[in-house]
Each structure stands twice: as structure tokens, then as C-alpha cells.
Amino acid sequence: MAVTGDETETGTAGDMTACQLRNPSSSLPQGVAGAGAHSSQKPKAEALQKRELRLMKNRKAASESRIRKKEYMHYLEDRLAALEMENATLKARLQLSNDTCPDE
């Protein structure tokens with residue numbers, strides 16, 4: 001019997017069509033066909049890519065945070081120096097004021 005495109009061929013493989021014999025994964029539902037290396041690699045690759053992107057963003061954010069912290073520490077050190085200088089000046093003025101004005 002000659003096989004045309006519309007006919008099915010039954011042989012030793014039971015009820016499988018000629019097309020299914022040549023391409024056995026075509027009888028499987030979509031998502032199950034080729035469930036070997038390719039379909040499991042894609043989600044893993046996407047997950048790895050997302051993880052790498054997240055880690056890269058996190059590294060950048062951490063670096064920027066360290067820079068901001070250093071800038072803030074410099075600001076606080078400068079402010080401390082200015083306040084210590086002002087405090088010393090005020091103490092000197094107070095001492096001078098106490099020395100010039102006798103207690104009653």
C-alpha cells in the first residue's frame with residue numbers, strides 16, 4: 001500500500017502514523033516534547049541571567065552606598081572640626097569675660 005499525505009501507516013509500531021515514526025516527539029503534548037536538555041536549560045539560563053543582573057545591580061548599589069557613607073563621614077568630620085573650633089572660641093570668650101568682670 002502506497003502512503004499519501006492523508007493516510008496512516010500501521011506497521012510493527014502499532015497505531016503510530018508514518019509521520020510519528022519519523023518524528024516520535026510529535027505525539028507528545030507541547031512542553032513535554034523535547035523535555036530533555038533544551039527546555040530545562042532555558043529556564044536555568046534565564047534564572048542565571050536574572051541572578052547575575054540582580055547581583056550586578058546589588059554590587060553597584062553597595063558601591064554607591066559606600067561612596068555616600070564616605071562623603072557623609074567627611075561631612076561629619078568637617079562639622080566636628082568646625083564645632084570644636086567654635087566651642088574653643090566660645091570658651092575663650094567666656095574666660096575673658098569672667099576675667100574682666102569681677103564677681104560681685
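View 1. Tyr75 is partly exposed, with a relative accessible area of 48% (buried is under 20%, exposed over 50%, partly exposed in between, with a 1.4 Å probe and protein chains only). This is a predicted model, in which local features need pLDDT of at least 70 and side-chain atom pairs pLDDT 80 or more, while totals use all residues. Residues are numbered from 1 along each chain, and side-chain values use heavy atoms, without hydrogens or water.

**View 2. Tyr75 and its ring partner.** The aromatic count here is 1 pair. The ring centres of Tyr72 and Tyr75 lie 6.2 Å apart with planes at 25 degrees, so the two are stacked (Phe, Tyr and Trp rings, the six-membered one for Trp, pair with centres within 6.5 Å; planes under 30 degrees apart are stacked, over 60 edge-to-face, the rest tilted). Both tyrosines sit in helix α2 (residues 37–100), 3 residues and about one helical turn apart.

**View 3. The surrounding chain.** The protein chain has 2 helices and 0 strands (DSSP runs of at least four H or I residues, or at least two E). Buried residues make up 1% of its 104 residues.
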